[in-house]
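Dear colleague,

I am passing on the structure below, together with some notes on what turned up when I went through it. Please read the notes with the coordinates open beside them.

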Amino acid sequence: MTAPIDPKNMTCEQFQALLPELIGTGQDINRHPHIQSCALCSALLADLETIAQAARELFPIEEPPEELWAHIETAIKKEESAADTKSGESGGSEPVKMHEKPAGEPAL
Ligand SMILES: [Zn+2]
């Protein structure tokens, strides 16, 4: 005879064993009494939701990968040009050193 687990009094192990079932049945896990009283499991659930959302964003069948890469490239180029402008403006002109010409060349 197994007594039903009291949701308010379950251990993390019991809750996590129940998680797939809760997700599978489409329940609002954020409202689960254990989540509301357990920081560990609410953090775990937040992680799971982040992963699930990232997975949905990573496999957008509609969007062609080329477009995605174009977005990424544009973002990178923007960052690079921003960095260039910054260093160019703050640094000023560097003093030119006179003794930088190659010394090994024979003077004719
Ligand atoms: Zn817990």
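At which residue does H1 bend, and which proline follows within four residues? In this model, which is predicted, H1 bends by about 40° at leucine 18, and the proline that follows within four residues is proline 20. Even so, the length of helix H1 (residues 12–24) agrees with expectation, because its 13 residues at 1.5 Å a residue should span 18 Å and its end C-alpha atoms are 18 Å apart. After H1 comes glycine 26, which has a positive phi, near 70°.

As for the overall layout, the chain has 4 helices and 0 strands, and its elements, read from the N terminus, follow the order α-α-α-α. Of the 108 residues in the chain, 6% are buried.

Finally, a word on confidence: the mean pLDDT of the chain is 79, and 70% of the residues score at least 70. Among the elements, helix H2 (residues 33–37) has the highest mean pLDDT, 93, whereas helix H4 (residues 65–91) has the lowest, 74.

With best regards

How values were computed
Residues numbered from 1 in each chain as written. Predicted model: local features only at pLDDT ≥ 70, side-chain atom pairs only at ≥ 80, totals over all residues. Helix = DSSP H or I, 4+ residues; strand = E, 2+ residues; numbered from the N terminus. Buried ≥ 20, exposed ≤ 12 C-beta atoms within 10 Å, placed from the backbone. Expected span 1.5 Å × (residues − 1). Bend = angle between axes of the 7 residues up to and from the residue. pLDDT = per-residue confidence, 0-100.
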